[in-house]
Amino acid sequence: MKRRDFLASTAALLVATPLFAAEAGKGSLTVGAAINKAGRQRMLSQRMAKAFAMQAAGVMPDKAGSLLDQSRRLFEAQLSELKTLAPSEAIQTALADLDRAWLVYREVLGRPRTPDNARLVLAESEKTLRAAHVLTGLYEKQAASSAGHLVNISGRQRMLSQRMAKCFLFEQSGLAVDSLKVEQEAARRDFVAALAELNAAPQNTAEIRTELGLANTQWMFFEQALNGQERNREIAARNVATTSERILEVMDSLT
């Protein structure tokens with residue numbers, strides 16, 4: 001597929017379609033599903049900040065609003081689900097910590113798209129991310145399996161895709177935060193390292209290898225969008241917004 005055709009096709013992803021709704025209401029939560037959902041909370045913490053940044057930068061603001069609303073509803077639904085599986089005191093504490101972080105983050109996300117509020121969104125997205133990461137790690141320990149580790153690693157790729165886009169788009173919005181480029185590059189390195197680990201995993205089935213092939217291809221497109229070669233800032237921001245959704249979809253399927 002030519003790059004321009006790919007970018008045109010990805011624009012349709014930035015709508016209020018529930019990409020992850022298929023798992024809703026599937027009965028009692030297993031530890032494996034909890035690792036996936038807690039890991040997805042990490043991603044959503046960054047995706048909501050990305051949507052806020054899109055609105056602040058004037059990048060498809062209406063579609064960004066739909067994306068933010070969808071992500072907010074999914075975060076709350078999954079948090080309720082995760083509360084039904086708290087087999088240890090540590091997990092109970094981590095769930096309470098995530099709940100508290102979310103209450104503050106949710107309020108900040110509803111504020112006007114000003115530079116001061118953008119800085120608050122950045123700060124609270126980090127706190128919510130850290131709380132979700134701790135919870136995901138505790139569920140992985142509960143699973144005590146190599147499969148649980150791989151679910152966690154591939155799930156973290158979803159978060160890193162949104163984190164890179166968040167940093168890029170906040171910078172495009174004009175927010176003067178020195179750490180954005182550093183954080184974006186750190187996320188890129190982590191993504192590349194984890195993708196290599198997933199590609200080399202001996203547990204990979206033929207189906208997983210097919211998904212990994214798609215992930216490798218989507219990463220190539222996403223990295224091209226992030227690399228700054230597009231001189232038109234508006235086009236560059238739109239490309240990052242759309243390709244980050246495509247790679248998210250592929251990594252979610254892989255997870």
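Visitor: Is the crossing of H3 past H4 left-handed or right-handed?
Guide: H3 passes H4 in a left-handed crossing, meaning the near helix is turned anticlockwise from the far one by less than a right angle. Bear in mind that this is a predicted model, where local features need pLDDT of at least 70, side-chain atom pairs count only at pLDDT 80 or more, and totals for chains, interfaces and linings use all residues. Residues are numbered from 1 along each chain as its sequence is written, and side-chain values use heavy atoms, with hydrogens and water left out.

Visitor: What angle do H3 and H4 pack at?
Guide: About 160° between helix H3 (residues 61-82) and helix H4 (residues 89-109), with their axes 11 Å apart. Axes are lines fitted to C-alpha atoms over the stretch in contact, and angles run from 0 to 180 degrees between N-to-C directions. The two helices are therefore roughly antiparallel (an angle over 145 degrees).

Visitor: And which residues meet there?
Guide: From H3, the list includes Leu68, Phe75 and Leu79; the H4 side includes Leu95, Trp102 and Leu109. Contact here means heavy atoms within 4.5 Å.

Visitor: Switching topic: how many helices and strands in the chain?
Guide: Nine helices and zero strands, taken as DSSP runs (H or I, at least four residues, for helices; E, at least two, for strands) numbered from the N terminus.

Visitor: How much of the chain is buried?
Guide: 47% of its 255 residues, with buried meaning under 20% relative accessible area (1.4 Å probe, protein chains only).

Notes: Buried < 20%, exposed > 50% of the residue type's maximum accessible area, 1.4 Å probe, protein only. Parallel < 35°, antiparallel > 145°, perpendicular 65-115°, else oblique.
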